[in-house]
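Please review the structure shown below together with the notes that accompany it.

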Amino acid sequence: MSMATGTDTEAPAQQIADTHDMIRVQGARENNLKDVSIEIPKRRLTVFTGVSGSGKSSLVFGTIAAESQRMINETYSAFVQGFMPTLQRPDVDLLEGLTTAIIVDQERMGANPRSTVGTATDANAMLRILFSRLGQPHVGSPTAFSFNVPTRKASGVMTTEKGGRVERNVVRDVVYQGGMCPRCEGMGAVTDFDLTALYDDTKSLSEGALTIPGYSMDGWYGRIFSGSGFFDMNKPISKFTKKQLDDLLYKEPTKIKVEGINLTYEGLIPKIQKSMLSKDVDALQPHVRAFVERAITFTTCPACGGTRLSQEALSSKIKGKNIAEACAMQISDLADWARGLDEPSVAPLLAGLQHILDSFAGIGLGYLSLDRPAGTLSGGEAQRTKMIRHLGSSLTDVTYVFDEPSIGLHPHDIERMNRLLLQLRDKGNTVLVVEHKPEMIAIADHVVDLGPGAGTGGGSVCFEGTVEGLRGSGTITGRHIDDRASLKDLVRSSSGTLEIRGASMHNLKDVDVDIPLGVLCAVTGVAGSGKSSLIHGSIDGREGVVVVDQSAIRGSRRSNPATYTGLLDPIRKAFAKVNGVKPALFSSNSEGACPACNGAGVIYTDLGVMATVESVCEECDGKRFLASVLEYRLGGRNIAEVLGMSVAEALDFFDDGEAKTPAAHKILGRLADVGLGYLTLGQPLTTLSGGERQRLKLATQMAEKGDVYVLDEPTTGLHLADVEQLLGLLDRLVDSGKSVIVIEHHQAVMAHADWIIDLGPGAGHDGGRLVFEGTPADLVAGRSTLTGQHLAAYVGA
């Protein structure tokens with residue numbers, strides 16, 4: 001046996017595997033990116049900055065994260081891929097060093113009325129198992145506590161085929177227990193119809209008695225009604241017999257034959273319930289939503305008291321609480337309640353539930369309750385709720401991609417979010433963050449600044465390096481990163497007040513406040529302090545109040561700024577008037593559309609589990625219109641050339657000469673006012689960034705007639721340089737005689753305000769009180785609230 005007498009003093013050679021420490025992107029051209037090539041360090045926190053529309057999301061989400069997800073999906077079988085969204089390969093030459101990407105974006109959580117915070121985070125699933133094991137009296141399996149599962153009863157003969165033999169068993173009254181309240185079908189609210197809003201009973205059906213959107217007698221509905229034979233189409237509805245009126249309103253689906261075609265007739269009310277009430281009201285088109293709000297009243301279900309659950313589910317309790325009471329508790333209180341349950345038989349379940357509930361508190365969402373509808377969460381709350389499942393995860397070497405995690409966060413909460421991002425990085429993960437807030441840029445290990453402008457003026461890497469390097473780089477972000485708004489020397493004086501008395505919605509505690517009119521008023525406070533409850537709960541719907549909230553813009557790839565803002569209508573009319581033809585010819589969704597691509601400009605070929613192929617239409621060369629339509633001109637331009645203009649170009653084009661169109665010029669002026677001068681009129685809405693969509697919505701709603709404008713975090717998605725432009729717009733609105741109320745966390749807006757209303761002191765049941773009202777200078781001088789302390793630090797007071 002021999003022993004080594006020497007020691008190896010040479011350092012071991014680096015393993016080749018350890019050299020893959022960069023994500024390499026070469027030749028990225030997605031959306032407006034201009035052949036971007038970049039190296040991003042792994043296991044570091046990299047922040048992507050740049051003005052809104054500069055290409056940050058195109059690089060991070062549209063290229064890096066999209067390719068990572070596409071390649072992961074390709075590892076599944078073709079059968080499984082058939083159930084997944086098909087992703088196209090991004091327009092990029094080379095991507096190396098990718099790791100599994102987990103995207104935590106700002107998309108609102110599904111607006112399905114059955115989705116709650118509990119169902120979206122698996123907390124409800126764990127509670128249902130807990131109550132099925134420990135609840136007294138025992139009522140059944142976990143489905144007995146689910147408001148999405150109805151109770152079913154069965155009796156009869158059950159046949160089972162085994163090995164060529166058929167076994168028959170007689171089943172008597174078997175009950176499959178579900179938790180759904182049978183009265184409201186698990187919705188928590190019942191609907192009542194105002195019949196006068198459905199029809200005008202002085203008219204007959206053929207005279208257009210129905211006032212429901214889309215129910216025209218000229219189309220299939222007219223054929224179905226007349227062919228059913230259930231009533232006389234020419235008799236006024238007021239003269240209908242009880243049976244005829246019942247058939248019109250409530251008849252169950254019935255097979256009928258009309259003109260030799262098999263069709264189904266169904267009463268108006270069940271049809272409306274399926275087509276309109278099964279969707280979230282906010283997801284409906286504006287004219288349909290207006291009809292629903294006018295014709296239907298939603299009242300709390302008297303059978304379940306709004307809990308959505310059956311009496312059997314509500315009867316089962318643990319420590320004096322049923323599952324509905326547990327879900328209605330503030331999550332921080334529910335965590336304390338769960339901590340008091342010491343039951344070894346369900347120990348792993350309790351540990352998992354405890355982790356989820358504690359994660360809510362750790363991420364600053366302890367003020368929510370599990371029964372809160374998911375569609376009512378703000379963009380920031382939705383994003384943090386999605387983070388819950390990643391906190392405490394054992395996975396490492398994962399790429400986490402965040403889209404402006406500071407949205408909806410008070411400066412006090414941003415510190416907490418920063419700690420969470422650093423924890424994810426310190427576990428050995430790559431963290432990519434698209435962000436505008438200097439407080440979040442400051443914690444970056446590596447910064448990538450895109451620009452220099454937006455849209456076609458952006459798409460290039462202007463700087464990459466450290467935060468200190470960014471400060472001295474001379475880019476727009478570098479110049480503005482240390483900008484600090486100062487308090488105004490003179491504030492405007494109020495011209496009147498908007499009274500709110502006894503506000504008690506959600507966590508508000510009988511708040512009385514006078515909101516000054518004729519000034520810029522900022523409503524502040526930590527996330528969950530009651531700001532939105534106070535303003536939206538007490539002011540929305542009042543006469544003369546225009547609300548610009550954070551709800552998402554819904555639009556297909558056929559929608560663009562021209563169609564969304566109503567700009568296309570005056571443009572089409574101007575083209576039609578000059579050329580002596582119909583306006584419909586100048587719509588790519590109507591008569592003027594290229595027949596080959598149906599006005600889309602591209603032809604999509606669906607390849608099943610493979611990515612859909614998108615090719616430019618050869619017939620119209622991507623212009624979307626018939627060749628004959630493109631011969632008509634206005635001011636020397638055809639309709640395709642006009643839709644290819646930027647807002648700034650179009651503003652000059654429609655200002656004078658043959659193309660002078662005041663209605664179009666007015667809309668374009670509003671788009672330029674909100675900083676969207678670089679957008680092209682025909683750019684699909686699906687390609688716009690979050691900040692661009694918010695400002696497009698602001699520009700559209702500024703057209704509404706109103707004296708009071710309520711803006712919900714208008715700085716969302718805005719670069720530091722754009723915030724100045726927004727403040728200028730708010731000043732112009734106030735100086736023109738309007739009153740502007742802004743729910744905001746951005747200190748620059750607070751400092752610029754004439755009056756501040758601060759709610760708090762905390763979130764949830766620790767908030768809901770008025771802790772300050774006065775001028776920004778008084779708030780800074782007093783430093784009596786969290787907002788006052790952070791604003792004082794911001795302005796350097």
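The model is predicted. An open sheet of six strands has mixed pairing, and the largest nonpolar core has 72 residues. Two peptide bonds described below are cis: Gln136 to Pro137 and Gly760 to Pro761.

**The open sheet and its helix**

- Six strands make up an open sheet, arranged in the order β19-β22-β23-β18-β24-β25, and their pairing is mixed.
- At the edges stand β19 (545-548) and β25 (769-774), each of which pairs on one side only.
- On average, neighbouring strands of this sheet are turned by 15° against each other, direction ignored.
- Strand β24, formed by residues 755-760, pairs with β25 in the antiparallel sense over five bridges.
- Within these strands, Leu759 stands opposite Leu770 in β25.
- Helix α18 (residues 531-538) packs on the sheet and touches β18 (520-524), β19, β22 (708-712), β23 (739-743) and β24.
- The direction of α18 makes about 145° with that of β23.

**Nonpolar cores**

- In soluble globular proteins, nonpolar side chains tend to be buried together.
- The largest nonpolar core here comprises 72 residues, of which Leu127, Leu130 and Phe402 touch the most other members.
- Helix α12 (residues 347-362) gives the most to this core, contributing six residues.
- Leaving aside residues up to four places away in sequence, the contacts of Phe402 include Phe61, Val104, Gln383, Met387 and Leu421.
- Also touched by Phe402 are Leu424, Val431, Leu432, Val433 and Val434.
- Another core, of 70 residues, lies apart from the largest one; among its members are Ala454, Val674, Leu730 and Val780.

**Cis peptide bonds**

- The bond from Gln136 to Pro137 is cis, with omega near -5°; Pro137 is in the loop between α4 (123-134) and β6 (152-162).
- The bond from Gly760 to Pro761 is likewise cis, with omega near 0°; Pro761 is in the loop between β24 and β25.

- Lys319 is not a glycine, yet its phi is positive, at about 50°.
- This lysine, Lys319, is placed in the loop between α9 (311-315) and α10 (323-328).
- Lys319 counts as exposed because its relative accessible area is 59%, the cut-off for exposed being over 50%.
- Glu713, also a residue other than glycine, has a positive phi near 50°.
- The loop between β22 and α25 (720-735) holds Glu713.
- Glu713 has 10% relative accessibility and therefore counts as buried, a term that applies under 20%.

Note on methods:
Residues are numbered from 1 along each chain as its sequence is written. This is a predicted model: local features need pLDDT of at least 70, side-chain atom pairs count only at pLDDT 80 or more; totals for chains, interfaces and linings use all residues. Side-chain values use heavy atoms; hydrogens and water are left out. Two strands pair if DSSP finds at least two bridges between them. Helices (H or I, at least four residues) and strands (E, at least two) are DSSP runs, numbered from the N terminus. Axes are lines fitted to C-alpha atoms, for helices over the stretch in contact, and angles run from 0 to 180 degrees between N-to-C directions. Contact means heavy atoms within 4.5 Å. A nonpolar core is a set of buried Ala, Val, Leu, Ile, Met, Phe, Trp, Tyr and Cys residues joined through side-chain atoms within 4.5 Å. Buried means under 20% relative accessible area, exposed over 50%, partly exposed in between (1.4 Å probe, protein chains only).
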